[in-house]
Amino acid sequence: SHPQRPTSVRSCLLKNALFISNLFFTVMGLVVLGMGLWGLITKESFAQERIGHIGTDPMLVFVFLGLTLCLLCLMGCVGSLRENSCLLRLFSGAVLILVAAQVLVAIAAYSLQDQIVPVLRSGMLMAMVRYQDDLDMRFITDEIQMNLQCCGADNYRDWEMNLYYNCSAPGVQACGVPASCCIDPLENGTVWNSQCGVGAQQLVEFSAQSVIYLGGCLGGIARWIEQNKQLIGIVGIALLGVQILTLIVTTRLLDNIQWSKAISSQRDVES
């Protein structure tokens with residue numbers, strides 16, 4: 001008697017489940033890729049005078065991650081639809097590595113949570129010191145300050161450590177802050193006003209609060225994490241669960257394919 005061959009219905013369900021999960025992660029990969037390209041375009045990294053330094057642009061990390069995720073999902077889709085065992089093994093191995101890496105990162109983040117704030121502070125201060133001299137640091141700092149509606153690491157007076165915004169520095173920027181600190185950096189709602197933060201450090205807090213954001217970005221990050229703690233946990237667990245489910249489905253589909261091939265080989269020998 002021959003072993004029972006896996007039903008076509010079960011094989012079809014496994015293929016569809018794997019295809020849907022790969023489609024989900026493909027969308028995520030495209031979003032990450034879009035973020036990277038948006039950053040490169042916003043910073044005008046493709047301009048002729050800057051194209052020579054594009055290899056060191058941190059936005060390339062997002063581009064690389066997005067492309068890698070899309071290619072990985074393409075491998076899973078093709079492997080499932082064509083029942084290619086080699087592609088499916090490569091795909092399951094890559095997913096297993098990703099799951100293990102995420103678990104290790106989560107464990108490290110939990111065990112080192114007391115050191116996260118000092119690391120963020122030192123990184124933010126370094127970005128502020130190199131604000132004018134490093135286009136990437138300026139872009140990241142501006143995006144953080146505008147999206148979190150904050151200014152500086154702890155408060156707006158942190159900008160005094162910058163060579164150009166220091167009150168003893170020559171020039172119009174002395175004792176000022178970047179325009180990304182301003183509550184309304186757009187003049188007449190359309191034109192970017194780069195001088196809106198001029199002299200802000202000389203203002204007392206009562207006067208400055210109508211022009212710039214007084215709170216530091218570390219406090220803004222802490223508040224955002226506290227407000228979205230449950231959502232972050234749910235999303236993280238859901239993503240990890242989908243990846244583990246994808247790994248299980250891929251393994252079952254591989255077993256199904258190998259079982260089908262074994263039955264076919266046995267029947268060919270007997271015939």
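This is a predicted model: local features need pLDDT of at least 70, side-chain atom pairs count only at pLDDT 80 or more; totals for chains, interfaces and linings use all residues.
Local features are reported for pLDDT of at least 70 and side-chain atom pairs only at pLDDT 80 or more, while totals for chains, interfaces and linings use all residues. Residues are numbered from 1 along each chain as its sequence is written, and side-chain values use heavy atoms, with hydrogens and water left out.

**View 1. Overview of the disulfides.** The structure contains four disulfides, a disulfide being a pair of cysteine sulfur atoms within 2.5 Å. Such a link is a covalent bond between the sulfur atoms of two cysteines. When the bonded cysteines of the protein chain are numbered in sequence order, they pair as 1-8, 2-5, 3-4 and 6-7.

**View 2. The disulfide of cysteine 150 and cysteine 217.** The S to S distance of this pair is 2.1 Å. The link connects distant parts of the chain, 67 residues apart: cysteine 150 lies in the loop between helix 5 (135–148) and strand 1 (186–187), and cysteine 217 belongs to helix 7 (residues 217–227). Helices (H or I, at least four residues) and strands (E, at least two) are DSSP runs, numbered from the N terminus. The disulfide of cysteine 150 and cysteine 217 is right-handed, with 85 degrees about the S-S bond. Both cysteine 150 and cysteine 217 are buried; buried denotes under 20% relative accessible area, exposed over 50%, and partly exposed in between (1.4 Å probe, protein chains only).

**View 3. The disulfide of cysteine 151 and cysteine 181.** Here the S to S distance is 2.2 Å. Cysteine 151 and cysteine 181 are both located in the loop between helix 5 and strand 1, 30 residues apart, and their link is one between distant parts of the chain. The link of cysteine 151 and cysteine 181 is right-handed, with 85 degrees about the S-S bond. Cysteine 151 and cysteine 181 are each buried.

**View 4. The disulfide of cysteine 167 and cysteine 175.** The sulfur atoms of this pair are 1.7 Å apart. The disulfide of cysteine 167 and cysteine 175 is right-handed because the torsion about its S-S bond is about 95 degrees. Cysteine 167 has 36% relative accessibility and therefore counts as partly exposed, whereas cysteine 175, at 4%, counts as buried.
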